[in-house]
Amino acid sequence: MYQLSLDNLQNFFRQIAAHEKLYIPTDKDNVAVYAEYAEGMQLTQKLNTNRSAKDFFFPQTENLYDLRMNGKNLEIEDTREACEDFVVFGVRACDVRSFAILDKVFLADPVDSYYKNRREHGTVVSLACTRPEETCFCQSFGIDAAAPEGDAACWIADGSLYIKANTEKGETLLSYVADLLTESDGSAVAAQQEKTRQLLAKLPLANTDFEGMKKTDLMAHFKSPKWAGLSEACLGCGTCTFVCPTCQCYDIREFDTGSCVKKFRCWDSCMYSDFTLMAHGNSRNSQLERFRQRFMHKLVYFPDNNDGVFGCVGCGRCLAKCPISMNIVKVEKALEVQDA
Amino acid sequence: MTKETLIPLLGVVTDIRADTPDVKTFRVEAPNGGKVFEHIPGQCAMLSIPGAGEGMFSITSSPTNKEFMEFSIKKCGKLTSWLHQMEVGQEIAIRGPYGNGFPVDTEFQGKDLLFIAGGIGLAPLHSVINYCRDNRDKYGKIDIVYGSRSMDDLVDYKEIIDEWCAEDGIDVYLTIDRAQEGWDGHVGFVPNYVKELGFDTNKTAVICGPPIMIKFTLAGLVELGFDKTQVYTTMELRMKCGVGKCGRCNIGDKYVCKDGPVFRCDQLAEMPDEY
Amino acid sequence: MQDKMIARAKELLRDGAVNRVLGWKTGEFVYDITPAVFTSAEELDRDFVFDAFTAANLSKYLVKESKKEGKVLAFLKPCDSYSFQQLIKEHRVDRENVYIVGIPCEGKVDIEALKARGISGITAIEETADAVTVKTVYDEDITVAKQDVLFERCVNCKSKKVVICDEMLGENGEIVDSDRFDAVAKLEAMTPDERFAFWQNELSRCIRCNACRNVCPACTCEKCVFDNVNSGVEHKVAANSFEESLFHIIRAYHVAGRCTDCGECSRVCPQHIPLHLLNRKFIKDMNELYGEYQAGADTETRPPLVNFSMDDCEPSIVYQRGGNA
């Protein structure tokens, strides 16, 4: 593990940015956002960014390819380009884990080359949490906010930044800033981790346990009478989906530029009424069905297909952002009671 | 760059046949001739035209055909309307094949097969029926029950009469919903006709048609003594990616585009009823 | 107030005057409150809540609830009562199927405003008449004046008067003098370029989640044009960073004259876009061009945009106001 005085943080950022594009969480219009580092840009003091970090690998919209029609002739142009190397600094443990969940979807056969391209060129530098919020429940998914994963992991303690490389990409990153770093025994980090873990244990959602969901079979959860009450007030908006670091459903659409048709994809939400709409009908006509789909997918279907891994990392964004404050924790608790 | 499954290949429409007033069959070949890709019966392909969109269609030709692929498509939306007005020589974008297809080399082998289709539901079965005809020694007796609204709405009528009906070991039962002039065959809905015909329960059945027809036909087969493990169907759901990622056709822990579209009815019974 | 409301709801349920109650349900924390329908005294005792955080406007739920079997009791705050009355005016709710109990409101606390003061890890919140005291996992005990952490719409409250109800619980308030148009005036004072830059910056954050539209009591179309695949304008994402303006400006036009300025759009926006400013600009313009008008204040007055009088301004007003209008 290496150490760097926080007085040197701007130099640290500057030297990384000299090698690769660097993104850090910073304050803009009263919320934390990831922004490309510019001279003097300050790291946010907020716990996490308003939007998740999934944009880096699965952006809200991206072009897939171009189509050009000329009479009966059609031209298909592969517009993919190799992504530039980039570094994302300050990703929290929950968001780092979300990449592993997205990987299970996009890197499964057949590999999504758009996602893979970004993933290969991106270096994830995590940052341990020290001030968790009441909406946090990452520990329910075995995530340790005090020991985040990532190509390199960082801690801020006692006026210093501590950094440890976990992968080759992480080592490369350290080489950019080697002259700024001194070796450390990590004792300050250990002390801070201990403190953070005590705080985590005191959080109101500390004991939320999703494993109970696995005790009941798929159809019993699906047919639970609780869905009606849970979904009753749902507005059918896409806020939960779009702030979620693991939601990965997408739509493929066209945009006519006048000279060509750009096929692009964009985030979609199973909460939207047109998600399953076809020319001859809709397989989920009520908000109850659409609401149920989102939570069943995260808590039942996804684990069924992915060795028991839930499609949630407990970042708490949906808890904070849902206009009617309905969320995955409330759903889990309601289903658990019914199934007990 | 590695191959990207979302990026389509180029296909040329080399023949267009009007099957019924609202169904046309399109023959698609690669620009330099031959097939754009290989498939197994029951698989689908994503066809697209810039400006009109992209849609998933059953490949209706048998893979035993080495020169081209065919698609029988009913006109019902924006994309299908566009396809219906295009002319021979038109290039289209095509990607696939998608889905699991029918278990023609495993579960179907050596079995007597009963194919039941309603309307455009014949399209997904057309491929597997012709595949079985071309590999006649691998399968037992073949029965085909096919119904549509009227005589004019029977897809592939000429092929059915000239080829399927004329072949040994194949019995074809046609029906139309309402009596009409020039029709001396059976009149009535498919599910009832299947019950009237009363097939042996040692057959493996495959159903495809409108959801309501599938539902009642399955119930009829169960009444006749069929087990759900003997009955297959192929589903249609809104799809976008075709590779089990975009989430649109997710039902339970299955993705229709990847784990289907062919399901055995006992599998369906264990899935949420969202199709 | 909460106890009084529960007691009254139980009475009305017991007497059979209503068969269910529309209110707010307690959550995992103090502030994560969900609109809910209660059908029994036990449910009311267990889950019904009314406090500084019961901000959600319940009126829109009555579009569906009033079509169901039996009468529903709805507790409406002043803001909600304007929205409800506007829905009556538009024939979107069945008035006879709703029993309204009006409740006074002294403003609701915005949890985001509390958090913006650096408060996090909340374990408990206690409320007094003027202040909230927050306890956190960091062993903090922070007391904040409510006035300092209210929603914008409450800071600039336009009316504490419940305009429609079958009975009032507590004393009804009055229409109040509000500074709500000050922020609009500030925008009007900008040059067109500055104003464009302002909105470009704000709207570029939009993630097109549709929360603003779906929560809006004035947005009750059976099928929104932006959801209609055949409309040609249905989009889930912007073609460029400013295309979202189309969605928001069209929406603002469509609710012009019907928007009661309840502020739900800005309350629910996960990206903190001050969407109410668009609607308020329209309200201010209509007030100035056609005379004072408050949507939802009554069911009789003709809304300015569907009315005609010889005194109406000419379309040329657009040119007279020029780029700075």
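Two strands pair if DSSP finds at least two bridges between them. In this predicted model, strand β8 of chain B (residues 142-148) meets that condition with strand β9 of chain B (residues 170-176): the two run parallel and are joined by 7 bridges. Within this pair, B:G147 has B:T175 in β9(B) as its bridge partner.

**The sheet of chain B**

Strands β8 and β9 belong to an open sheet of 7 strands in chain B, whose order is β10-β9-β8-β7-β11-β12-β15 and whose pairing is mixed. The edges are formed by β10 (186-187) and β15 (262-264) of chain B; each has a single partner strand, so one side of each is left without a neighbour in the sheet. Helix α4 of chain B (residues 190-197) lies across β7 (113-118), β8, β9 and β10 of that chain, and runs at about 145° to β8(B).

**A buried residue in chain B**

Helix α2 of chain B (residues 122-134) contains B:L122. Is B:L122 buried or exposed? A residue is classed as buried if 20 or more other C-beta atoms lie within 10 Å of its own. B:L122 has 27 C-beta neighbours inside 10 Å and therefore counts as buried. Apart from neighbours within four places in sequence, B:L122 is in contact with B:A117, B:Y146, B:V155 and B:D156. B:L122 and B:G209 are 87 residues apart in sequence, yet their C-alpha atoms are 7.2 Å apart in space.

**Chain A**

Chain A has 11 helices and 14 strands. For 340 residues, a compact globule would have a radius of gyration near 20 Å, and the 22 Å of chain A agrees with this. The C-alpha trace of chain A spans about 65 × 65 × 40 Å along its principal axes. Buried residues account for 50% of the 340 residues in chain A. Of the contacts in chain A between residues at least 6 apart in sequence, 70% join residues at least 24 apart.

A hairpin in chain A is formed by β11 and β12, with 4 residues between them; in its turn, A:G258 has a positive phi of about 100°. Strand β11(A) covers residues 250-256 and strand β12(A) covers residues 261-267, and they pair in the antiparallel sense over 7 bridges.

| Strand pair | Direction | Bridges | A facing pair of residues |
|---|---|---|---|
| β8(B) and β9(B) | parallel | 7 bridges | B:G147 and B:T175 |

In soluble globular proteins, nonpolar side chains tend to be buried together. The largest nonpolar core in this model has 257 residues, and those with the most contacts inside it are A:C154, B:I116, B:V206 and C:A74. Helix α2 of chain A (residues 93-106) gives the largest share of this core, 8 residues. Not counting residues up to four places away in sequence, A:C154 touches A:V125, A:S126, A:L127, A:A128, A:L161, A:Y162 and A:I163.

**Where chain B touches chain A**

How many residues of chain B are in contact with chain A? There are 35, and they are in contact with 41 residues of chain A. On the chain B side, the elements that give two or more residues are β4 (53-58) and β6 (91-98). The largest share of that side, 3 residues, comes from β6(B). By class, the side of chain B that touches chain A has 15 nonpolar, 10 polar and 10 charged residues.

Methods: Residues numbered from 1 in each chain as written. Chains lettered and ligands numbered in written order. Predicted model: local features only at pLDDT ≥ 70, side-chain atom pairs only at ≥ 80, totals over all residues. Contact = placed C-beta atoms within 7 Å. Nonpolar A, V, L, I, M, F, W, Y, C, P; charged D, E, K, R; others polar. Rg over C-alpha atoms; globule rule 2.2 N^0.38 Å. Buried ≥ 20, exposed ≤ 12 C-beta atoms within 10 Å, placed from the backbone. Axes fitted to C-alpha atoms, helices over the stretch in contact; angles between N-to-C directions. Core = buried A, V, L, I, M, F, W, Y, C linked by C-beta atoms within 7 Å.
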